[in-house]
Amino acid sequence: MIIDQLLEKNQEFLRNFKGEDPGKRPAKKLAIVTCMDTRLTDFLEPAMGLERGDAKIIKNAGNTITDDALRSLVVAVHSLGVEEIMVIGHTDCGMANVDFERLRETMEEKGVPRDFIEELGLEDWILAIRMRKKMLLRVSGPSRNLGQSPMIYLSMD
Ligand SMILES: [Zn+2]
């Protein structure tokens, strides 16, 4: 399993770890809400000139300000010294093209109870992301791209 491989890598990492700790308060007093997209791993930070310890980075599907993301932002601002918040999306986000009906069918095929799926409110969530993406494209456009593929654009100043 991949998890076993990761745990092995972690043991190797710990053998060489010198114990450097940049502290829990972000050096740049910045929080970022961005997408969980795997293409952003080891890409967003260098694209923005960020180093370990610089910013609180909150990731979820579609860089959405969910209740959970909001809770994290509240703690970041009121307990950890964050003074600025950025929401960073990217081109070709998988959340912009999720077929809700197909997602629901797949979940049911895998045994997820229908009432649980309804309680999740996925349809409203996905529709909200689609609407927001259209608004962001109109408001900020791709003119502020900062990287290669996937290009990163700033969604809020
Ligand atoms: Zn995405």
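Predicted model: local features only at pLDDT ≥ 70, side-chain atom pairs only at ≥ 80, totals over all residues.
Colleague: Is Ile57 buried or partly exposed?
Modeller: A residue needs 20 or more other C-beta atoms within 10 Å to be called buried. Ile57 has 19 C-beta neighbours inside 10 Å, so it counts as partly exposed.

Colleague: And how far apart in space are Ile57 and Ile85, C-alpha to C-alpha?
Modeller: Along the chain, Ile57 and Ile85 are 28 residues apart. In space, their C-alpha to C-alpha distance is 9.8 Å.

Colleague: Going back to Ile32, which residues is it in contact with, leaving aside neighbours within four places in sequence?
Modeller: Ile32 is one of the residues of the largest nonpolar core. With neighbours within four places in sequence left aside, the contacts of Ile32 are Ala55, Ile57, Ile58, Met86 and Ile88.

Colleague: Which element gives the most to that largest nonpolar core?
Modeller: The core has twelve residues in all, among them Ala31, Ile32, Val33, Cys35, Leu40 and Met48. Two or more residues each come from strand 1, helix 2 (44–48) and strand 2 (55–60). With four residues, the element that gives the most is strand 1.

Colleague: I'm curious about the annotation. Which residues does UniProt list for "binding site"?
Modeller: The listing comes from an unreviewed UniProt entry, and the residues named there are Cys35, His90 and Cys93. They span 59 residues in sequence, yet no two of their C-alpha atoms are more than 8.1 Å apart, so they gather at one spot. To repeat the UniProt names, they are Cys35, His90 and Cys93.

Colleague: Are Cys35 and His90 buried or exposed?
Modeller: The cut-off for buried is 20 or more other C-beta atoms within 10 Å. Cys35 has 23 C-beta neighbours inside 10 Å, and His90 has 23 as well. Both therefore count as buried.

Colleague: What is Cys35 in contact with, beyond its neighbours within four places in sequence?
Modeller: Cys35 also belongs to the largest nonpolar core. Beyond neighbours within four places in sequence, its contacts are Leu40, Lys59, Ala61, Gly62, Asn63, Gly89, His90 and Cys93.

Colleague: Now for Leu103: how far is it from Leu122 in space, C-alpha to C-alpha?
Modeller: Leu103 lies in helix 4 (residues 100–109), and with 14 C-beta neighbours inside 10 Å it counts as partly exposed. Leaving aside neighbours within four places in sequence, Leu103 is in contact with Val98 and Leu122. Leu103 and Leu122 are 19 residues apart in sequence, and their C-alpha to C-alpha distance is 9.2 Å.

Colleague: How many residues of helix 1 are buried?
Modeller: Helix 1 covers residues 2–16, and at 1.5 Å a residue its 15 residues should span 21 Å; the end C-alpha atoms are 22 Å apart, which agrees. Helix 1 lies largely in the open, because the number of its residues that are buried is zero.

Colleague: Last one! What share of the protein's residues is buried?
Modeller: The protein has six helices and four strands, in the order α-β-α-β-α-β-α-α-α-β along the sequence. Of its 157 residues, the buried share is 15%.

Conventions: Residues numbered from 1 in each chain as written. Expected span 1.5 Å × (residues − 1). UniProt positions renumbered as here; feature names shortened; annotations may be inferred. Contact = placed C-beta atoms within 7 Å. Core = buried A, V, L, I, M, F, W, Y, C linked by C-beta atoms within 7 Å.
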